[in-house]
Amino acid sequence: MLNRFAAAIDYLTVGHITRDLLPGGGATTGGTAAYATLTAQRLGLRPGILTAFNPEEDLGPLIDIPIAGTPAETSTTFENIPTPEGRLQRVSARAPDIHPHMLPESWRSCQVVHFGPVLDEIDLSLLRLFPEALLGATPQGWLRRIEPDGTVVQAEWAEAAYVLEQVDAAVLSDEDTGRDERMVRSFAEACRVLVVTAGPAGCRLFIDGFPTAIPTVGLDEVDATGAGDIFAAVFFSHLSHHDDPLEAARFAVLLATASVRRRGLSGVPTESEIHEAAAALQPDRTSGRWT
């Protein structure tokens with residue numbers, strides 16, 4: 001078992017820490033677990049990760065984050081290949097699944113649990129272990145499967161209704177659903193609060209199935225990797241503290257939009273960006289960190 005600094009936490013991300021191969025050679029740390037956890041930390045929360053990965057990997061900015069789970073011979077490894085038809089994604093290695101017995105007892109009382117699978121690696125019985133937490137999900141990894149050659153393709157999510165009825169909120173992108181509006185509507189019917197992000201077009205917030213469009217201000221995009229995970233962490237954190245989905249979505253749009261100006265994990269919001277976004281929403285809430 002892996003149990004690095006398993007102290008009390010506020011925000012738990014469940015999902016694989018990944019090894020992402022870079023086009024020019026080398027690799028970097030990635031996955032929802034990385035982006036969401038670092039965002040929660042910037043928001044002033046005490047984050048932790050429940051995962052399975054190779055502990056010999058260079059964790060970079062995650063080095064001081066509490067991590068529990070199981071060690072693996074290899075981390076889940078992705079390669080993103082640009083093509084004229086869009087991004088082609090391949091998987092060359094996959095870490096083991098994540099199960100309830102890996103969870104430290106003290107982590108069951110955290111405030112927010114963010115289920116962020118990358119390849120359907122989360123045992124769904126974990127959904128029932130946090131009766132007092134806000135449960136959030138980014139279902140991207142439940143909407144994928146791996147072809148025999150390692151190519152990642154869209155998959156049918158058989159457990160969608162069950163998972164979405166269990167969680168308090170979910171965030172996914174229009175790319176995750178293949179822009180299938182019927183799928184989006186079925187997810188919105190199952191989940192009380194659902195956000196569908198659309199890159200430069202902002203997002204749609206569904207509350208009890210009714211949508212509200214939230215625009216964004218366009219910026220010169222450098223790298224959109226992790227922007228959806230950053231959005232989700234901001235949204236879940238704010239929703240947990242203020243119970244205002246509309247304001248949470250507006251706040252998340254501002255910070256996710258700012259994130260695309262930098263590459264990789266450096267896109268995680270800075271303290272100044274957090275304060276600026278908070279001031280843009282509520283000028284009287286600018287003292288201290290916004291959470």
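These are my notebook entries on a predicted protein model.

**Ground rules**

I number residues from 1 along each chain as its sequence is written. Because the model is predicted, I ask for pLDDT of at least 70 for local features and 80 or more for side-chain atom pairs, while totals for chains, interfaces and linings use all residues, and side-chain values use heavy atoms, without hydrogens and water.

**Entry: overall build**

I looked up the secondary structure and found six helices and 16 strands. These are DSSP runs, numbered from the N terminus: H or I of at least four residues for helices, E of at least two for strands.

I then checked the radius of gyration, taken over C-alpha atoms. The rule for a globule is 2.2 Å times the number of residues to the power 0.38. For 291 residues a compact globule would come near 19 Å, and the protein has 18 Å, so the two agree. Along the principal axes, the C-alpha atoms fill a box of roughly 50 × 45 × 40 Å.

Burial came next: 53% of the 291 residues count as buried. Buried is under 20% relative accessible area, exposed is over 50%, and partly exposed lies in between (1.4 Å probe, protein chains only). The accessible surface is about 12900 Å², with 49% belonging to carbon and sulfur atoms. I note the method as Shrake-Rupley with a 1.4 Å probe; for residues, only the protein chains shown count as cover.

I also looked at contacts (heavy atoms within 4.5 Å). Of those between residues at least 6 apart in sequence, 61% join residues at least 24 apart.

**Entry: helix α1**

I went to α1, residues 32-42. Nine of its eleven residues are buried, so the helix is largely enclosed by the rest of the structure. Among the buried ones are Thr32, Tyr35 and Leu38. The buried residues pack against β2 (11-14), β4, β5 (47-53), β9 (112-115) and α4 (227-242). Gly44 follows α1, with a positive phi near 95°.

**Entry: Thr29**

I found Thr29 in strand β4, residues 27-30. Its relative accessibility is 9%, so Thr29 counts as buried. The Thr29 side chain reaches the backbone oxygen of Asp58 at 3.0 Å. Leaving out residues up to four places away in sequence, Thr29 touches Ile17, Thr18, Ala34, Asp58, Leu59, Leu62 and Leu265.

**Entry: Thr138**

I placed Thr138 in the loop between β10 (134-137) and β11 (144-146). Thr138 counts as buried because its relative accessibility is 5%. Its side chain makes a polar contact of 3.0 Å with that of His114. A polar contact is a pair of N or O atoms within 3.5 Å; within protein, one must be able to donate a hydrogen and the other to accept it, and residues adjacent in sequence count only if both atoms are side-chain atoms. Beyond neighbours within four places in sequence, Thr138 is in contact with residues including Thr32, Phe115, Val171 and Ala232.

**Entry: two exposed sites**

I checked Gly199 in the loop between β14 (193-197) and β15 (203-207). Gly199 is exposed, at 53% relative accessible area. From Gly199 to Ser259 I read 60 residues in sequence and 11 Å in space, C-alpha to C-alpha.

Ser92 lies in strand β8, residues 86-93. Ser92 is exposed, with 60% relative accessible area. Ser92 and Ala252 are 160 residues apart in sequence and 32 Å apart in space, C-alpha to C-alpha.
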